[in-house]
Amino acid sequence: MPDTIAAIATANAPGGIGIVRVSGPAAFVIAEKIFMPKRAPDWRKIKGYTMAYGNVGVPLEGGAVGEAICLFFREPASYTGEDVVELQCHGGPLLLAQVLRAALEAGARMAGPGEFTRRAWLNGRIGLAQAEAVMRLITAQSEQALRAAYTGIGGALGQEIKKIRDGLIALAAHIAAWMDYPDEDISPLRDCEAEAVLGEAEAALTGLIERSKGAQAVLEGVSAALVGRPNVGKSSLLNRLAGWERAIVTALPGTTRDTVTETVQLGNLTLRLTDTAGLRDTEHPVEKAGVERSLAAMKSADLVLVVLDASEGILAEDRALLGQCDLERTIVVCNKIDLVQGRPEAVPCKHVVYTSAVTGEGLDDLAKTAEEICQTAGFAPGEAMLATQRQAQCAVDAHAAVREALAALELAPDAVSVCLEDAVQALFTLTGERAGDAVVDEVFRAFCVGK
């Protein structure tokens, strides 16, 4: 029998309401010890999806106790699939800590990161991909990411994977029966539409992989670096995208001497946008250190925004900087177009936009170009998608095994069977039905303790 766990389920900060969650076979016993309802219930007959008002048994200075509402959930109709109680009280961190301590002293143990959701998975309430979607829901920073997380929690990916997997399992079973019982009236491999089944699975996996290429950029965000010469408008552009004066802007070159990072929304993308020191030759030790950090940020970023001053045209320093960039993930931002009538000469980069940090002109073009590079332009949050690198790798492994099975059709049935087993195993791992402990641990490692 599993033990009973407890944790604070709300943020570690003052708030109107705070929640301590308790889950496990002794949840109601622990609640009886630390919660004193205004109307004494029969604890053995309390129904799920009910609540009671009372005091939580945490003696404070002066002998007072904290008011609370206790919510009751009977297994299996709870988030974890176990008996659950949630104590809702005033949201002071100290009070919540004392309520949690009372629950622990009454017989619960401290929950680990993501353990409530892990128990939901262990008890069959959700699949592993749905558990990952819960984490995406918590960390979503855009409406698109939020909608995609809801789709994942609904099990869209699991349903699509199950359809592919069931077809492969049926084919593997047919091959095994034909090989093991040659005297039975079972059609041979070439007559059981094996090629059609494998082709359908390959097409479905290809579509899923292609459709999901931009998913991680939308769900997890993209690191982006603003780089360029001093006074081309990098900090002004950061402030425009952030919606407030995040970085100091002056007419003096070299104002920004360290990296400044802000999370901003650009179209469908959430950017962790880093404003960097202006790139130029300098002997000033502080500014020189800032330039070194700028170059490091440029090399590590998923997306590089090279900012030019449209009123000055393209200078030799700009061309030298572009020579250090990976142009496939670089956008040249010709800024300050509000100061000029025409456009600068041809820019040696295929991704070029013209903007004004002062007026906001060109920011829609910047968003479209960034979405194109990150492959998020066709992102559809209502469709099944591979939302994590783990899921994507499992799908790629399954796709490779299906292709090998297609190639093996001309060789021998046992070779096809081996490839089918590899594909099915990869799909089971994706949904978590045969995932090893190391995979499961990695999925839940990033969760907060109260979830």
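1. In which loop is the place of Lys-47? In this model, which is a predicted one, Lys-47 sits in the loop that lies between β3 (35–37) and β4. With a relative accessibility of 63%, Lys-47 counts as exposed, because the cut-off for that class is over 50%.

2. When its neighbours within four places in sequence are left aside, Lys-47 is in contact with Phe-72 and Arg-74.

3. Helix α2, which covers residues 93–105, is made of 13 residues and reaches 18 Å from its first C-alpha to its last, a span close to the 18 Å expected at 1.5 Å a residue. After α2 comes Gly-107, a residue whose phi is positive, near 130°.

4. Several residues of α2 are buried, namely Leu-95, Leu-96, Gln-98, Val-99, Leu-100, Ala-102 and Ala-103. The cover over the buried residues of α2 includes the strands β1 (5–8), β2 (15–23), β4 (50–56), β6 (84–91) and β7 (109–110), together with the helix α1 (27–34).

5. The largest nonpolar core has 32 residues, and within it Leu-157, Leu-168 and Leu-386 touch the most other members. Two or more residues are given to this core by each of α6 (156–180), α7 (194–211), α13 (389–408) and α14 (413–431), and the largest share, nine residues, comes from α14. As general background, nonpolar side chains in soluble globular proteins tend to be buried together.

6. Leu-168 deserves a separate look. Apart from its neighbours within four places in sequence, Leu-168 is in contact with Leu-198, Ala-201, Val-402, Leu-420, Ala-423, Val-424 and Leu-427.

7. How far apart are the axes of α13 and α14, and at what angle do these helices pack? Their axes are 8 Å apart and the angle is about 165°, and since angles over 145 degrees count as roughly antiparallel, α13 and α14 are therefore roughly antiparallel to each other. The crossing of these two helices, α13 and α14, is left-handed.

8. The residues through which α13 and α14 meet can also be listed. From α13 they are Arg-390, Gln-391, Cys-394, Ala-395, Asp-397, Ala-398, Ala-401, Val-402, Glu-404, Ala-405 and Ala-408, while α14 brings Ala-415, Val-416, Cys-419, Asp-422, Ala-423, Ala-426, Leu-427, Thr-429 and Leu-430. Among these, Val-402 of α13 and both Ala-423 and Leu-427 of α14 are also in contact with Leu-168.

Terms used. Residues numbered from 1 in each chain as written. Predicted model: local features only at pLDDT ≥ 70, side-chain atom pairs only at ≥ 80, totals over all residues. Heavy atoms only, no water. Helix = DSSP H or I, 4+ residues; strand = E, 2+ residues; numbered from the N terminus. Expected span 1.5 Å × (residues − 1). Buried < 20%, exposed > 50% of the residue type's maximum accessible area, 1.4 Å probe, protein only. Contact = heavy atoms within 4.5 Å. Core = buried A, V, L, I, M, F, W, Y, C linked by side-chain atoms within 4.5 Å. Axes fitted to C-alpha atoms, helices over the stretch in contact; angles between N-to-C directions. Parallel < 35°, antiparallel > 145°, perpendicular 65-115°, else oblique. Left-handed = near helix turned anticlockwise from the far one by under 90°.
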